[in-house]
Amino acid sequence: MSSGIAVDVRDLVKVYPGGVRGVDGLTFSVVVGEIYGLVGPNGSGKTTTLRIIATLLKPSGGSVRVFGFDAVSGAMKVRELIAYLPEEAGAYRDLTGLDFIRFFLGARFRGGRLEEAVEEAVKIADLGSDIKRPVRGYSKGMKRLLALSVVLASRPRLFILDEPTSGLDVERSLRVRNLVREYARRYGVTVLLSSHNMLEVEYLCDRVGIIYRGRLVAEGAPEELKARYSVRNLEEAFVRAVGG
Amino acid sequence: MVFAALVKKEIMVVLKSPAFIAGIVLLVAYFGILGKVIGVATEQVAKEAVESYIGVVSEDVSAVTQGLLHVANVTLKGRLLMVPTVEDGLRKFPVVILVPAGFGSSLLRNTTLYIYGYTAVDSISLIQPSRSQLVYSVVKVLEELGKAVVATEKGINISEISRTLIPRMEARVGGRVVDVNMLSSLLFSIMMLAYMVGILGMLALMYSAQSVATEKEEKAFEMLLTLPVSRTTIAVAKVVGAVVLSVIMVVAYFAGFSFILTSVSTPTPTEGAQTMTGSLWDLLQFLGGDGVALLSLSLGLMLMFSGSLGLLIGSISSDTRVAGAVAGPIGVALYISLLASQFVGVPLSASSSLLGATVYGLPLAIFASYVLENRMIALQATGIATAVTLLTVLAVVRVFESERILVGISIRRRKQVK
């Protein structure tokens, strides 16, 4: 594998118990340092793919390599290189936001580096004095920001973000997009994200992969895709790609 | 109307859960079987008290004693059978009464007399105290008839006769002679301890099952599993966490149970017998330092077993409702099994070591070991319980390393694929 490839997915198949095919021969790769967006309709296999790359699920067929490490046999090594934000990431309701940040970052850092990372996460979350309150009183948006702060402050080599702005208002969504872009550019972190928001994908992503029924049906930079389907925006390109 | 619909919704949401239905079916079946077992056991106890034959060893061949025993046998509908020795009698009958030499002449002279009762204790159960009661009831018959014999011999009114027959009880446990009151007291204490352990185990099991399921519901679980920490470490940390929290509960419950145990004493101790209250302290004294150490280890194993079993349930459950629906009946079943053991009877023999396989029964096995003065039983039972506990921990680790931890086990609905 090339040293310039962060994520290499080859002929990926995931069959759930009962025979439901979550992913059906998916192939794509993410170049180091780029922001890659996976888009597709509900049930197309986006979350399943991200979960396999994040070592949560095991593939039924094909392979997934992250910076050269197999997501199954080298799962531990992969986990050292990634930070995953699930679509519905929450937090322990009886811990304070600060406790939550300290717990998750404590699994990656020690001593002074931990304190720096905690400080960074607190700044990203931007929850003011609420950071010292139990999570049970947080709104959905606050919880999302808290989880994202931990992911970003982890400064891994790969962010895996499943619907990063899901459930956030316009202002917070914009802030999250800016943060993701800033971290990717400033620290050279590769980003693999999924989203239903084409505006977000067009704004953030260097390349986009459109998946449908577990397979990649189109791939390219947002401008390329628009040109390929002779449409004005990515939303229309998406609809054309999936045969709408 | 809206209120009725809301109530209906609350009920239907739970009733339609396959785990809840399975839990109900399991509980009904379990209690049905258990009720039958307890019914048979209690029936056996009652039958033994009313119908059992009683061996009699008479060292006194006087006409007074022989006449008294004959009348007593008629009164007890032929349930008294003469045997040559106590040992021979205990091989054939649940209890044996020994009438000492000189009993007849003593009956005519003294107001207080002694008679000896022996029981063979082969299990930790309700049968043991009922056997003692059997001796007491026969002694009472002999006492009343003895007064009549004395009245006849002396030609005076029976109301002027005062005779007290005191039974001196001994229990034969695996060839050893044990004071029956002490044994009753210790049996009571160990059973109370076992119940306490059972409650704690049940709480630990339900707590740990809910903890993983809650973590899944709080949506922090997936982030946790992608941390650069081995799943084994996460699983073991969860088991240890569940044990520590259970220990906090142990302290609170232990204090409460100790208070109850120290407040209860064994009824009607006989003269000459060592009087012991049914306190935990007596039990600990009986077991000694090494026995207490083993008992403490058994508590630790039980907590670890319960915590692991709970984690296993929580790990494969999709949410707290399923976890509760599965862990609840299992916890109750384990506890009720322990409760039922007093009716069914826990073997008091070398086979007691097999109790270790249930982990919850380990304190009873340790107790049996010390009563029988056979330390191998305790060691074997502890070894078995340790193996069972480690296997359960291993199963938790395996589940944590598989994707079952995330997708769970679906009974009916399939996971929606995104």
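Start by selecting A:Ser149: is this residue buried or exposed? A:Ser149 counts as buried because 27 C-beta neighbours lie inside 10 Å; the cut-offs are 20 or more other C-beta atoms within 10 Å for buried, 12 or fewer for exposed, and partly exposed in between, with C-beta atoms placed from the backbone. You'll find A:Ser149 in helix 5 (residues 140-153) of chain A. Helices here are DSSP runs of H or I with at least four residues, strands are E runs of at least two, and both are numbered from the N terminus.

Leaving out residues up to four places away in sequence, A:Ser149 touches A:Ile101, A:Ala121, A:Ile124 and A:Ala125. Contact is when C-beta atoms, placed from the backbone, lie within 7 Å.

Before you go on, a quick note: this is a predicted model, where local features need pLDDT of at least 70 and side-chain atom pairs count only at pLDDT 80 or more, while totals for chains, interfaces and linings use all residues. Residues are numbered from 1 along each chain as its sequence is written, and chains are lettered from A and ligands numbered from 1 in the order in which they are written.

Next, show both chains: 31 residues of chain A are in contact with 17 residues of chain B. On the chain A side, helix 1 (46-53), helix 2 (75-81) and strand 6 (82-85) each supply at least two residues.

Move over to chain B and pick strand 6 (residues 164-173). Its covered face has B:Leu165, B:Pro167, B:Met169, B:Ala171 and B:Val173, while B:Thr164, B:Ile166, B:Arg168, B:Glu170 and B:Arg172 are on the uncovered one. Strand 4 (residues 112-120) of chain B pairs with strand 6 of chain B in the parallel sense over 9 bridges; pairing takes at least two bridges found by DSSP. Zoom in on B:Ile115, whose bridge partner in strand 6 of chain B is B:Pro167. Strand 7 (residues 176-179) of chain B pairs with strand 6 of chain B too, in the antiparallel sense over 4 bridges, and there B:Asp179 stands opposite B:Glu170.

Last stop: helix 10 (residues 280-316) of chain B. Where does this helix bend? Look at B:Gly288, where helix 10 of chain B bends by about 115°, the angle between axes fitted to the seven residues ending there and the seven starting there.

Definitions and conventions. Contact = placed C-beta atoms within 7 Å. Expected span 1.5 Å × (residues − 1).
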